[in-house]
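Walk me through this structure, starting with a pocket, then ring pairs, then a helix contact.

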Amino acid sequence: MLGYDVDAGMTSVGLQSQTLPSENADVAVPTSQAVPLVIDDATADVLFRQARTVQAFSADPVADQDVHAAYDLMRWGPTAMNISPLRYLIVRSPESRERLVQHMAGSNQPKTKTAPLTIIVAADPAFHTRMDVLSPHLSEVAAGLAAAPEARAEMARMNALLQLGYFIPALRAVGLHVGPMTGFDAAAVDAEFFAESQWQSLVVMNVGQPAAEGAHYPRAARLEPAEVSATI
Ligand SMILES: Cc1cc2nc3c(=O)[nH]c(=O)nc-3n(C[C@H](O)[C@H](O)[C@H](O)COP(=O)(O)O)c2cc1C
């Protein structure tokens, strides 16, 4: 099973002993930047600084059109050759929800069962079939890709993950909160939902408004620029 189950401390590479999140304290998140932003601080807070991963949601419903509104925004984020391979399946009905929950890891099951809406974010390895619209100047590349399924799968995965990184702040921009999860059996989800489309599931995301209590784990630190970068 890909990913991890926070409560069980299980990862795809084996068992890890983890400090229980509830034993940690919230770190302080700065309210402004050293270099002024071209967006206002309130927007930076909504998209990044104050935005939190939500573990428990209220019962407030989420409309498909709100998710589509987020897609409308995120689709303008760049991808290689503009291939735009991210696809999403909105899992709304109780029957569909049950079909998904059975493939989620441990503590991700109740989260997914009780969230008002869940989205399966996937990559489409057949993205080349839309390159006539997306990259009309690259028809020869598209033709070459038709005969290169392994390269397509790799490109689809990398660029759809990149788009996922745009999708999360875009969902926040339309007022939604998200709980992304990779702790699920991707092969089983693909067989369950994508046998026909051949989409490949990447992340399952619960979407909605935070519950009044227990919505978040304590906020954990992030690394400093000097710890994650070099200038040569
Ligand atoms: C790609 C991805 C996969 C994740 N998978 C899981 C998961 O399977 N289960 C879970 O409880 N949390 C999962 N998380 C949540 C992360 O642990 C959380 O987003 C991170 O600790 C930051 O939390 P914060 O936004 O509250 O600061 C995942 C997050 C991402 C972005």
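In this predicted model, the second largest pocket has a volume of about 320 Å³. Its lining is made up of 13 residues, and Tyr-71, Arg-75, Asn-82, Ser-84 and Leu-134 are the closest to the pocket centre. Two elements give two or more residues to this lining: strand E4 (86–91) and helix H5 (131–134). By class, the lining splits into 6 nonpolar, 4 polar and 3 charged residues. A probe the size of a water molecule, rolled over the atoms, shows where empty space is left.

The model has 4 aromatic pairs. In one of them, Tyr-71 partners Tyr-88. Their centres are 5.7 Å apart, with 45 degrees between the planes, and the pair is tilted. Tyr-71 lies in helix H2 (residues 64–74) and Tyr-88 in strand E4, so the pair ties together parts that are 17 residues apart in sequence.

Now turn to two helices. H3 (residues 94–101) packs against H8 (residues 186–193), with their axes 10 Å apart. The angle is about 150 degrees. Angles over 145 degrees count as roughly antiparallel, and H3 and H8 are therefore roughly antiparallel to each other. Which residues meet there? From H3 come Ser-96, Arg-99 and Leu-100; from H8 come Val-189, Glu-192 and Phe-193. The residues of this contact divide into 3 nonpolar, 1 polar and 2 charged.

Terms used:
Residues are numbered from 1 along each chain as its sequence is written. This is a predicted model: local features need pLDDT of at least 70, side-chain atom pairs count only at pLDDT 80 or more; totals for chains, interfaces and linings use all residues. Side-chain values use heavy atoms; hydrogens and water are left out. Axes are lines fitted to C-alpha atoms, for helices over the stretch in contact, and angles run from 0 to 180 degrees between N-to-C directions. Helices (H or I, at least four residues) and strands (E, at least two) are DSSP runs, numbered from the N terminus. Angles under 35 degrees count as roughly parallel, over 145 as roughly antiparallel, 65 to 115 as roughly perpendicular and the rest as oblique. Contact means heavy atoms within 4.5 Å. Ala, Val, Leu, Ile, Met, Phe, Trp, Tyr, Cys and Pro count as nonpolar, Asp, Glu, Lys and Arg as charged, and the others, Gly among them, as polar. On a 1 Å grid over the protein atoms alone, a cavity is a set of points where a 1.4 Å probe fits but cannot get out, and a pocket is an open set with protein on both sides within 12 Å along at least five of seven lines; lining residues have an atom within 4 Å of a point. Grid points are joined across faces, edges and corners, and a volume is the space filled by probe spheres set on the points. Rings of Phe, Tyr and Trp (its six-membered ring) pair if their centres lie within 6.5 Å; planes under 30 degrees apart count as stacked, over 60 as edge-to-face and the rest as tilted.
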